[in-house]
Amino acid sequence: MTIELNKPVISEESYSLWSGRINVRVKVAGAGKPLIYFHPAGGLVWDPFLSTLADEYTVYAPEFPGTSAGDPYAIRALADLSDAVLIYDELIRQIGAVNPVLIGQSFGGMLAAELAAHFPHITDKLVLMDPVGLWRDDLPFTHWMAVAPDDLPALLFDDPTSAAAKAFLTPPEDPEIALSAAAAMVWALGCTGKLTWPIPDRGLRKRLHRVTASTLIVWGENDRLIPAGYAAEFESLIDKSRVAIIPGSGHVPQIEQLSPTLDVVREFLHGSANRT
Amino acid sequence: MKITLFEQAPYRFLPPDFENKYASVCDTPYSLTTREGVYDSMRDFLDELMHGARLGFDGIAITEHGQNCYDMVPNPDIIASALAYMTEVEQLDTAIFPMGRSLGKAREPLRVAEEYSMIDVMSGGRLVAGFPIGLHYDASINNGIPPIEIRPRFDENLELVLRAWTDPNPFAWNGQFNQYPQVNLWPRPLQPQPPVWITGIGNPRTMQMCLERNFAFNYVSWFGAKLTGKRIFDRFWEVADQVGVPRNPYRLGFLQTIAVAETDARAEQEYGPHLEYAFRKGLGTIPPHTLMMPGGIDIRGVEALMRDPSDFGLYQQMQHVTFRELVDAGVVIVGSPETVREQIAEFCTEYGIGNLHAMLGFGSLPKDLAFKNIELFSKEVAPHLRGIWADSEHQHHWWPERLGGTPTPATAGVSATESAAPKNVVTVKEVAAK
């Protein structure tokens with residue numbers, strides 16, 4: 001099923017934070033109640049999932065420090081997870097978003113969960129999509145930064161040959177732009193890797209009990225990067241949470257199975273905050 | 001010219017089909033070893049280095065690699081300390097040269113400062129202190145350091161080590177990566193500041209740092225002068241000109257794998273299989289992505305590498321490399337003493353190399369052949385090379401005084417990390433400048 005969509009106008013805003021130590025760039029589109037999107041480890045990619053959400057929400061997509069074009073060394077200001085959490089909290093207050101929906105994918109899921117755990121009042125709706133942040137010895141996985149580039153597509157997607165996966169994986173036609181984008185992605189992995197290497201667990205397990213937001217945990221059934229078994233683990237640690245497994249999807253359900261993913265997310269968002 | 005004997009400690013008894021099945025780093029199965037094989041590999045490595053010391057090499061050199069089968073030296077300082085004591089007892093005036101302890105990998109830089117201090121004391125002031133920034137697989141996969149932290153850790157750790165050696169008074173250290181309430185090393189090095197060498201593979205920022213800060217630079221590419229050398233050495237001396245320091249050959253060291261026999265034919269026959277072993281079961285089976293992990297290379301460096309990967313040379317092509325290919329590419333210099341000395345003299349002179357690190361043990365080479373290589377090189381090759389630069393006006397400022405050097409201390413200059421320092425970290429240099 002194809003989704004009819006008009007790509008919204010995406011603007012870019014820059015926020016000076018931390019007494020001027022750091023500028024965070026935010027892509028913004030849509031109209032309506034605020035929604036903050038936390039991108040995965042390889043950097044922000046605006047996709048049809050976000051465009052569709054922009055029909056109903058003002059979508060703010062901050063770029064993790066160091067991942068913004070032309071500002072790679074912003075990462076140097078960040079020493080640890082605590083710095084990142086405080087930067088994002090300050091950003092959300094500067095944006096002026098009141099009770100924003102928080103949606104995070106993979107690494108972004110860890111950030112969103114950490115934010116909701118550190119600051120329980122920040123939101124009453126949290127969506128975690130194949131989030132990292134927990135580790136169980138019986139659910140081991142290889143860190144994506146240690147995977148050979150050729151092996152990554154098969155780990156990211158249930159079917160790396162599908163049209164959706166191919167569209168995601170195909171580089172831009174212009175070789176200069178393609179080279180720049182590839183280098184930017186590598187650097188973005190390096191920046192976000194500061195908070196996930198060697199094992200993407202900075203203690204989130206100790207804090208998830210603090211999350212009071214209604215939480216939807218979305219997981220691709222065939223996620224070969226982060227096992228779907230972690231969905232139940234997150235569910236057991238977050239009080240008002242439930243799991244939605246997306247069949248026929250790997251680690252990135254919003255790309256590989258856009259329609260069912262949108263269905264479960266919109267159903268959750270439209271429901272009341274008291275009912276997960 | 002200074003000539004050191006350099007060796008790694010490979011496991012010498014890997015199965016013939018190893019390179020078709022395994023990586024040589026990180027997850028290499030230890031079940032491939034036997035206890036006898038490990039002992040013999042380590043013992044022969046030490047015996048060969050001591051043999052070089054007794055035969056008059058200017059220095060004996062080793063380096064650091066963890067969790068791998070081609071250099072079982074996760075901490076070179078352990079080896080260096082054994083060599084320091086033995087050479088002192090035998091009254092051998094040779095430099096102890098770990099190339100050496102990686103500061104981008106180290107979580108305990110004070111331990112590094114202390115180890116080097118002890119080695120310098122045990123050797124009577126013969127330490128040459130090498131500091132690689134850090135191989136990605138070693139710092140990140142083996143030791144858990146996020147790749148993007150390797151260079152910043154190196155920078156902070158190096159400052160701490162230098163200050164711990166030279167500050168006469170106890171001091172506190174409140175860095176981003178290390179906090180110590182009081183640093184006051186006992187012992188400190190006998191040398192006022194051991195000569196500092198940075199081991200690298202060609203990053204221009206590293207070169208700039210060395211040249212500005214009065215560190216010597218070890219170029220360790222494994223691929224020989226012919227393939228990658230010209231580009232790297234041209235780059236190095238251009239940066240030297242830009243920085244405004246003289247083209248002093250003694251500030252540059254170069255590693256070359258060398259195999260000498262009575263004749264060219266005998267050299268091929270005796271050393272060939274072991275050279276193939278060394279490259280196939282070592283460099284040739286390092287997964288390339290583990291050498292270039294995200295964040296470990298500056299974004300502009302990533303772009304440059306994507307345009308032109310040649311700095312990383314031929315790692316992958318080494319997996320099934322033949323002896324003939326190694327020789328033709330100049331990766332190894334093999335043959336009779338005449339053959340060998342001519343080639344080495346040529347590139348050392350052309351590229352301004354004042355320190356030759358001769359890798360004379362390699363791969364599965366058994367001890368008797370390693371001894372032969374070391375002896376032939378020492379008697380028939382080294383004497384012809386030592387006189388290079390004898391007539392130059394330059395002095396060796398990166399060699400211990402006890403061994404004839406005129407060492408000069410580190411100076412201020414750029415960091416290893418490409419970026420502005422965060423504003424809330426006040427460096428020792430900034431304080432000193434006030």
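Predicted model: local features only at pLDDT ≥ 70, side-chain atom pairs only at ≥ 80, totals over all residues.
Local features need pLDDT of at least 70, and side-chain atom pairs count only at pLDDT 80 or more, whereas totals for chains, interfaces and linings use all residues. Residues are numbered from 1 along each chain as its sequence is written, chains are lettered from A in the order in which they are written, and side-chain values use heavy atoms, with hydrogens and water left out.

**Interface**

With contact taken as heavy atoms within 4.5 Å, 28 residues of chain B touch 27 residues of chain A. Together the two chains bury about 2300 Å², 66% of it on carbon and sulfur atoms, where buried area is the accessible area (1.4 Å probe) lost on being put together, summed over both parts. In chain B, the most area is lost to chain A by B:Ile148, B:Pro294 and B:Ile299, together 26% of what that side buries. The interface holds 2 salt bridges, defined by a side-chain nitrogen of Lys or Arg within 4 Å of a carboxyl oxygen of Asp or Glu; one of them joins B:Arg307 to A:Glu176 at 2.7 Å, N to O.

**Cavities**

A cavity is a set of points on a 1 Å grid over the protein atoms alone where a 1.4 Å probe fits but cannot get out, and its lining residues have an atom within 4 Å of a point. The search finds 4 cavities of 30 Å³ or more.

| Cavity | Volume | Lining residues, including |
|---|---|---|
| Largest | about 180 Å³ | B:Gln8, B:Tyr70, B:Met359 |

Methods. 1 Å grid on protein atoms, 1.4 Å probe; cavity = no way out; pocket = protein on both sides within 12 Å on 5 of 7 lines; lining within 4 Å. Points joined across faces, edges and corners; volume = space filled by probe spheres on them.
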